[in-house]
Amino acid sequence: MRFASPEWFLLLPLLAAAGWFWRGMRLEKPFRVLCLLLLVLMLARPQLRRSGDGLDLWVLVDHSDSAKDLLQPRLAEWETILEKSKGASDRLFLIDFAAESVKRGALIRSGANGAEFDGARNATRLNSAAAFALAQMSPDRAARVLALTDGFSTEPLDGLAEKLMKQSVPLDYRLPPRDSTNDYRVGAFVLPRRVQLREAMLGEVVVLGGHDASVPVELFRNGQSIGRREAPVEAGVGRLRFTDRLASPGAYRYEVRLIPADDSVPGNNTASQWTEVQGGPRVLLVTSYENDPLGEALVAQGFDVGVVTDLSAINVGSLSGAKVVVLNNVPVYKLDPQFVWGLDFFVNQQGGGLAMIGGKTSFAAGGWFGSSVEPLLPVSMELKQEHRKLAVAMAIVMDRSGSMSMTVPGATLHKMDLADEGAARAIGLLGDNDLISIIPVDSAAHPLSPLVQVGPNRGALQNSARRVESMGGGIFVYTGLKAGWDILKPASVGQRHIILFADAADAEEPGDYVKLLAEMQKEKCTVSVIGLGSEKDSDADFLKDVAKRGGGRIFFNADANELPALFAQETVSVARSAFIEEPVELKSTPGWLEMAAAPMDWLKKIDGYNLCYLRPGATQAAITGDEYAAPLMAFWQRGTGRVATVAFPMGGDFSSLTRGWKNYGGFTQSLARWLMGNQLPAGLGLKTSLDGSQLKADLFYDESWSERIAAHAPELVVSSGSDGKLRAVPWERLAPGHYRAVLELEGDKYLRGAVKIGDAALSLGPVNAVTNPEWSFDRTRLDELRDASVRSGGAERVDLSDVWRAPRPPAWRDVQRWLLIALIVALLLEAWQTRAGWTWLRRAA
Amino acid sequence: MRLILANPAGLWALTAIPLVLLIHFLQEQSRKVRSSTLFLLDRVKPESVGGARLERLRHSVPLWLQLLAVTIIAWLLAEPRWIRQDSRQTVVVVLDSSVSMSAFKKETRALLQNKLSHWPGAAAHTDWHLLESGPRKPRLYAGSETGELLKAFDKWEPTQGAHAPDAALLTGRGLVRSSAGIVIFVTDRKTEVSADVALMSAGELIENVGFAGGEASVGRSLRERNQVSQDDGSRGAPATYWSALVKNYGRETQEREWWMEEEGGSQKAEGGKGKHKFTIEPGQTIALQGELPPDVERVTLVLGADKFTWDDRLPLQKPKPRIVHAAVRAPGASGELMKKIFAALDGVELGSLTPDFVVDELGNAPGSDAVQLGGSLGENGALDPAWVAAEDHRLTRDLAWSGLLSGRPLELTMGDGDIPLLWKGNRALALLRPGATADGRQIQRLILNWDLAQSNAARVPALPVMLQRFVEMVRERKAEPWAGNFEVAQRIEAGGRRQEAKVELRVNGATTMFEGRAPERPGFFEVLEDDKIWISGAAHFADIREADFRDAESLDTSKQRRIETALKQSEADPWTPLWMLALVACFIGAWAWRGTRTGKSVVSESVRQYVKA
């Protein structure tokens with residue numbers, strides 16, 4: 001505590017003297033003393049310490065692609081200046097950021113000197129980095145943030161100033177100078193947004209550059225090169241035109257790359273755009289069977305069918321032009337996550353139809369539990385407790401290496417937090433009789449507990465799982481597997497399984513894993529792998545081999561947000577899914593008549609099925625004749641689309657009875673027709689065009705739609721990227737039969753949309769900003785940075801040492817309010833005592 | 001100097017005043033006085049009735065001093081702050097230009113008058129800006145007077161359809177940037193805005209029923225529309241028929257009346273006559289149809305009024321379309337094909353002696369707009385396998401040309417103004433060529449650079465669509481008078497006017513410059529070219545999103561921001577130490593007064609004198 005005006009304490013002796021001299025005032029009475037003391041205190045202005053004298057400086061160092069070449073040569077010098085000019089009680093913290101943020105000093109990779117930034121660099125998330133810093137600040141110390149960046153954040157800085165002001169943290173910044181005289185870049189990349197099937201289209205690339213030259217340009221379509229030419233740049237501008245024709249419907253991603261010999265800013269040499277090929281309503285059959293009888297039946301019934309057997313070729317663009325998607329016995333982990341994410345929007349907003357057909361790698365056994373598709377289905381995949389026949393002993397071997405200390409892009413959560421949540425979710429999904437052990441691993445295994453029964457320990461286990469922290473280094477895989485097997489070996493249960501979770505770029509110590517896994521396989525213990533990263537990472541092949549030898553599945557996912565769902569999927573597919581391999585009777589129900597006009601002559605028996613349960617609100621057309629009475633065929637409406645499930649295989653193993661069914665074709669036709677929904681009446685058209693980063697959507701309709709539009713005004717709903725967040729976009733009515741919406745394409749995310757009029761829907765997209773936003777150098781972001789800095793009380797720091805001398809937030813706070821409240825209470829008590837004469841002490845008579 | 005209270009809750013301390021008064025109602029403790037003898041004891045007036053706890057309130061100096069002390073404490077607790085004399089703030093008010101705001105203009109004015117009046121207290125100087133959210137709208141006011149701002153508001157009319165206010169809010173934020181202040185978006189419902197923008201709304205639910213669109217067309221009989229055949233086999237006589245949609249946007253069933261008011265000589269329908277009652281359920285849309293009275297050019301359909309009046313009147317104009325006259329001069333099969341295509345298009349008449357456009361062979365100089373047919377290289381019927389690729393142009397956009405099979409096009413020299421439309425290989429298959437007639441009139445030539453007879457053009461749907469689009473281009477440039485029905489603020493193509501002509505918009509007798517759009521308010525209008533009527537029209541409201549008030553609600557999020565802004569612009573009361581010293585004085589004074597009263601000995605004057613002696 002301190003006193004701002006201690007000189008007022010001189011009043012005390014004066015008041016004492018007055019009290020002694022003028023005894024009649026009775027100043028010695030306790031409440032009067034209290035009142036006077038309070039008054040003198042108030043005059044002296046006592047203050048309590050709010051924060052320490054020292055300053056915590058949080059330096060955000062930009063490692064993104066657009067900034068690293070500018071900042072790298074200067075970083076060492078700047079950091080030295082800051083280190084040398086700080087005061088004794090000041091502290092310096094460094095946060096490296098680009099798409100993700102991590103505190104300097106966290107050991108990210110075991111073999112990379114620990115301090116190298118190893119996150120994604122294709123974005124500059126300054127707002128997230130600042131939030132990351134704010135979340136770690138100590139409340140009892142003054143703090144400032146200093147951003148060393150090129151200023152061109154790829155995410156908006158909305159709300160940053162408010163966050164800084166709320167915590168009284170000023171934001172300073174230092175921008176490096178940029179030289180762009182010798183830079184060639186893609187000025188424009190123009191392609192038609194939509195073309196007809198086999199229609200030739202014209203595209204144009206505009207190249208801008210500081211010097212006249214012939215600039216080599218290469219063109220790609222869906223990642224494959226389709227040509228290379230030279231664009232002559234004269235007076236700063238060069239143009240290149242090309243034609244192309246597309247022979248199958250869907251959306252195609254074109255990319256153009258400049259390859260000049262000498263370029264000061266190489267990052268702005270690429271641009272990409274989607275072009276959609278229109279066709280009639282199409283069925284997209286994604287199947288794991290090479291010659292799928294379902295595809296043949298659909299074609300025979302007159303449907304336009306696109307069959308995809310190469311599951312790695314599927315992407316979100318495949319949904320364009322498709323009216324129905326059929327997933328025939330495909331596991332989720334073999335599909336592009338963007339495609340899987342896109343199915344929800346495809347059905348709910350764009351009016352698409354979705355069917356899931358049974359098999360040994362379908363439904364929960366295919367990992368669909370916990371996926372974004374699961375809520376769409378009219379059945380629940382998770383096996384009920386009373387139906388489970390086998391207990392499971394499971395060990396979760398978790399990577400807690402340095403890479404897990406990085407933040408998730410766009411958030412302040414660490415990847416370890418999400419992995420912990422995944423483990424906790426897995427525990428939540430296991431049955432009471434199942435056994436579990438969680439084993440965090442870095443260079444040694446650190447089991448949280450021995451193998452214990454889940455039932456009585458569920459809460460405690462989940463709490464322990466959520467507290468696992470990243471400790472640095474890499475994960476020793478053999479050590480982890482060995483520890484898991486040692487724990488599971490004595491368990492005498494029906495199933496033993498290890499889930500190995502590891503960083504696909506930092507999984508070390510293979511050891512004698514081949515022998516170990518062979519031993520485990522012999523003892524019927526399986527191993528699945530969840531790899532954080534991609535198949536292209538350095539240790540991905542090793543992890544794939546572990547999964548293969550372990551008889552389990554492997555999932556690669558670069559998005560740490562998906563971890564909880566992946567853990568859940570894997571747990572359910574191991575512990576809570578069932579494919580019944582025995583022939584069972586099929587019983588029809590009247591529900592079929594909601595789908596088709598005429599009754600169906602069903603087959604009497606099926607060879608096997610995926611056990612699932614009907615969801616409330618869904619309709620079932622056929623059920624099993626066994627004790628489960630499980631829905632073999634179920635369907636319902638979802639948003640503007642329709643979803644159906646057929647829980648028995650229609651191809652491959654366990655389908656011989658089904659394939660021999662005489663109504664196989666008729667059933668397929670009815671199913672596909674129902675999923676197609678009502679055809680969109682003519683008279684409605686949607687046209688989109690790109691103007692830089694602005695997308696214009698024009699909706700045209702003729703007079704036959706007037707009444708429908710009057711009843712339901714058209715809505716435009718868009719979904720950006722894979723996070724699936726929906727946003728409504730307002731239309732402007734330009735003329736009778738013409739609405740227009742304009743929207744900005746943000747960042748590097750693609751955008752998909754749906755125009756809804758009542759229960760009819762038109763789809764739009766995918767479409768993305770033409771040039772990489774990391775290189776678009778949007779001046780608005782620089783203005784936003786400056787504004788946030790000024791509003792928070794910061795400034796641009798040309799002399800970095802200045803930052804330590806900048807005004808600091810007040811470290812002291814007044815307590816006047818409390819003293820005044822105490823004074824008023826004292827006054828009342830004093831008046832009452834004086835008036836009524838009560839006292840706490842009795843005088844001796 | 002202006003004052004604000006940083007902690008108005010501190011005024012609750014004034015509740016101590018009745019407590020002080022209550023204390024002074026209490027009977028004072030009786031004073032014990034020691035005296036050795038009874039006779040020295042003065043007779044004193046009894047001051048209280050023995051045995052009672054309460055007595056009447058007596059005025060006393062300590063009472064008033066204590067009350068004063070409580071008042072000063074309350075004042076200090078309320079933390080008065082004085083606005084700095086050099087403080088400045090910018091308040092930007094962005095009005096939602098959506099037409100739905102017209103239903104709440106009075107309420108919005110009252111809201112603004114009430115809420116904005118508090119803002120000048122937050123700084124010594126306030127810069128006011130009044131903008132509106134509609135694109136193409138100028139600033140309404142900039143200055144330092146709230147009264148002038150409100151006057152500008154009174155003159156403002158919201159006339160836009162649904163739109164995003166982002167651009168105006170961004171402008172507003174730019175005005176406030178790096179100075180104290182706020183952007184306030186004034187609308188009639190809850191809207192998503194960024195964190196630094198405050199919302200104000202005076203909206204409320206309205207049970208609105210209104211017209212949701214309408215049209216008038218000539219020559220289609222009701223029977224044709226309803227597909228009912230007549231007994232005598234004859235067709236209905238040409239007439240002008242109208243149809244309109246009425247929608248109930250509210251949550252309750254409504255009863256309304258509609259009637260027709262005529263213009264062009266006939267009197268308005270008298271009250272009660274020709275009124276039609278109907279009942280409409282919530283969310284329901286009903287269609288009305290009828291026939292315009294003969295010799296009547298304009299009528300207005302009227303609904304019984306409610307709070308939102310924009311959709312209660314539907315003006316309808318008898319349409320007079322522009323017919324495009326064409327002459328096909330090209331010989332042979334190609335010419336026959338062109339005749340067939342143009343004869344099938346709406347609004348085109350063939351065989352005119354003064355055509356608006358001609359169809360002829362390439363090489364003949366046309367005196368008007370033209371479609372010119374070229375030939376192909378190659379021997380009889382030899383087709384060129386090169387792809388047909390289309391440019392992104394109004395005439396060719398979104399059409400499928402891949403099915404067009406033709407011979408190799410002639411090599412044409414492209415002029416500076418030539419616009420290529422279709423390519424076959426590296427040769428232009430179709431292009432648009434501007435030109436001029438001998439008398440200087442600008443014309444357009446659509447050149448189809450292949451032999452139509454030697455191609456499958458007759459079976460390619462894209463060709464007639466392209467030709468129809470070309471006809472529309474010709475129609476837009478026609479100068480003859482015409483009439484039609486439009487939506488408010490709809491763009492009107494006026495390509496046919498002369499460059500040097502004076503073109504004006506006349507609405508209700510008042511003329512303004514014509515800006516290429518229908519009026520912003522429903523009603524009848526004319527577009528005049530050199531004071532002659534060129535376009536007669538009726539503009540009606542049709543943006544149904546603006547007529548739906550189910551989400552309208554009142555709100556105000558600006559209050560807290562005002563307090564925060566004021567605090568930043570103020571300084572603590574410099575007289576605080578003086579108030580505290582005054583408190584000391586009050587306390588000392590009260591105690592001293594009591595001390596003087598009670599300290600006085602009750603020994604009588606006579607005893608004092610005795611002791612003196």
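Trainee: Let's start with the open sheet in chain B: which strands form it, and in what order?

Mentor: Happy to, and keep in mind that this is a predicted model. The open sheet has four strands in the order β11-β10-β13-β14 of chain B, and their pairing is antiparallel.

Trainee: What makes β11 and β14 of chain B the edge strands?

Mentor: Each of them, β11 (276-280) and β14 (313-317), pairs on one side only. On average, neighbouring strands of this sheet are turned by 25° against each other, with direction ignored.

Trainee: How do you know that β13(B) and β14(B) pair?

Mentor: Count the bridges: two strands pair if there are at least two bridges between them. Strand β13 (residues 298-303) of chain B and β14(B) have five, in the antiparallel sense. One place to look is Leu301(B), whose bridge partner in β14(B) is Leu314(B).

Trainee: Over to chain A. Why is Glu276(A) called buried?

Mentor: Its relative accessible area is 6%, and buried means under 20%, so Glu276(A) counts as buried. Glu276(A) lies in strand β15 (residues 270-278) of chain A.

Trainee: What is Glu276(A) in contact with, leaving aside its neighbours within four places in sequence?

Mentor: Its contacts include Arg193(A), Arg194(A), Ser320(A) and Gly765(A). Gln196(A) is 80 residues away from Glu276(A) in sequence, and the C-alpha atoms of the two are 8.4 Å apart.

Trainee: What makes β28(A) a mostly covered strand?

Mentor: Five of the seven residues in β28 (residues 551-557) of chain A are buried. This strand runs parallel to β27 (residues 525-532) of chain A, and five bridges join them. Ile530(A) stands opposite Phe555(A) of β28(A).

Trainee: Which way do the residues of β7(A) point?

Mentor: In β7 (residues 171-174) of chain A, Leu171(A) and Tyr173(A) point one way, while Asp172(A) and Arg174(A) point the other way. In a regular strand the side chains alternate between the two faces of the sheet. Here all four of these residues are buried.

Trainee: How do you know that β6(A) and β7(A) pair?

Mentor: The same test works: at least two bridges are needed, and β6 (residues 141-148) of chain A has four with β7(A), in the parallel sense. Leu148(A) has Arg174(A) as its bridge partner in β7(A).

Trainee: To finish, how many helices and strands does each chain have?

Mentor: Chain A has 18 helices and 45 strands, and chain B has 11 helices and 31 strands. Of the 845 residues in chain A, 57% are buried; for the 613 residues of chain B the figure is 47%.

Conventions
Residues numbered from 1 in each chain as written. Chains lettered and ligands numbered in written order. Predicted model: local features only at pLDDT ≥ 70, side-chain atom pairs only at ≥ 80, totals over all residues. Heavy atoms only, no water. Buried < 20%, exposed > 50% of the residue type's maximum accessible area, 1.4 Å probe, protein only. Helix = DSSP H or I, 4+ residues; strand = E, 2+ residues; numbered from the N terminus. Axes fitted to C-alpha atoms, helices over the stretch in contact; angles between N-to-C directions. Contact = heavy atoms within 4.5 Å.
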